[in-house]
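User: I would like to go through this model with you, one topic at a time. Could we begin with the surface?

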Amino acid sequence: VGRPRRIATRVILDAQLRTPLSAQLVRTAAAAPTLIFCSHTAPLRRERALQSAGCIIARVPIARRPRTAPPRAALSLPAVLKNLGARHVTNLLVEGGGAVLGSFADAGLADEFHVYIAPLLIGGAAAPGPLHGSGIARVARAQPLSDARLQRLGAGWLVTAR
């Protein structure tokens with residue numbers, strides 16, 4: 001008979017439930033579990049609309065931000081992870097913008113990184129990087145990575161490290 005088929009739960013961090021009802025992941029929520037984390041201040045009408053589309057909504061607190069951090073409503077990652085643990089989620093792939101990835105890295109909640117390097121030169125002095133957050137200002141204080149691997153992927157490269 002074999003093992004039962006596992007279906008990955010899609011997890012979205014959306015503090016104010018701005019995910020459009022027309023989004024592909026909302027339209028396909030009946031086919032794959034879709035869990036959206038939001039703050040306690042997110043509009044109830046948006047919660048109901050997303051639930052009607054098949055999404056599961058979980059409210060968590062807003063993270064406490066250091067005074068030096070830019071003002072934005074980021075969800076409490078420990079609260080998100082505690083909720084996921086209660087749902088028996090044991091693996092999590094975080095795919096997001098620099099702010100989300102930086103938040104996980106700053107909190108020490110990432111244990112493996114997969115970085116795709118495209119064969120393109122873009123950016124400039126003010127260009128945002130792939131990892132935002134507090135970051136490390138000096139190379140001497142950088143977090144060393146281990147088990148680094150480099151492999152060709154399409155036209156670019158994939159770097160994997162722990």
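User: Is Val-115 buried, partly exposed or exposed?
Analyst: This is a predicted model. In it, Val-115 counts as partly exposed, because its relative accessibility is 39%, and partly exposed covers the range between under 20% (buried) and over 50% (exposed).

User: Which strand does Val-115 lie in?
Analyst: Val-115 lies in strand β4.

User: Which residues make the nonpolar surface patch?
Analyst: Val-115 contributes to it together with Ile-117, Leu-150 and Trp-157, and the patch has an area of about 370 Å².

User: Now the sheet. In what order do the three strands run?
Analyst: The order is β4-β6-β5, in an open sheet with antiparallel pairing. The edge strands are β4, residues 113-117, and β5, residues 149-153, each of which pairs on one side only. On average, neighbouring strands of this sheet are turned by 20 degrees against each other, direction ignored.

User: How many bridges join β5 and β6?
Analyst: Five bridges join β5 to β6 (residues 156-161), in the antiparallel sense.

User: Changing topic: which residues of helix α4 are buried?
Analyst: Helix α4 spans residues 98-106, and its buried residues are Gly-98, Gly-102, Ser-103 and Phe-104.

User: What covers them?
Analyst: The cover over the buried residues of α4 includes β1 (10-13) and α3 (77-86).

User: And which residue follows α4?
Analyst: Gly-108 follows α4, and its phi is positive, near 70 degrees.

Conventions: Residues are numbered from 1 along each chain as its sequence is written. This is a predicted model: local features need pLDDT of at least 70, side-chain atom pairs count only at pLDDT 80 or more; totals for chains, interfaces and linings use all residues. Side-chain values use heavy atoms; hydrogens and water are left out. Two strands pair if DSSP finds at least two bridges between them. Helices (H or I, at least four residues) and strands (E, at least two) are DSSP runs, numbered from the N terminus. Axes are lines fitted to C-alpha atoms, for helices over the stretch in contact, and angles run from 0 to 180 degrees between N-to-C directions. Buried means under 20% relative accessible area, exposed over 50%, partly exposed in between (1.4 Å probe, protein chains only). Contact means heavy atoms within 4.5 Å. Patches are made of residues with over 30% relative accessible area and no salt bridge: like charges are joined within 9 Å, nonpolar side chains (Val, Leu, Ile, Met, Phe, Trp, Tyr) within 5 Å. Accessible areas come from the Shrake-Rupley method with a 1.4 Å probe; for residues, only the protein chains shown count as cover. A salt bridge is a side-chain nitrogen of Lys or Arg within 4 Å of a carboxyl oxygen of Asp or Glu.
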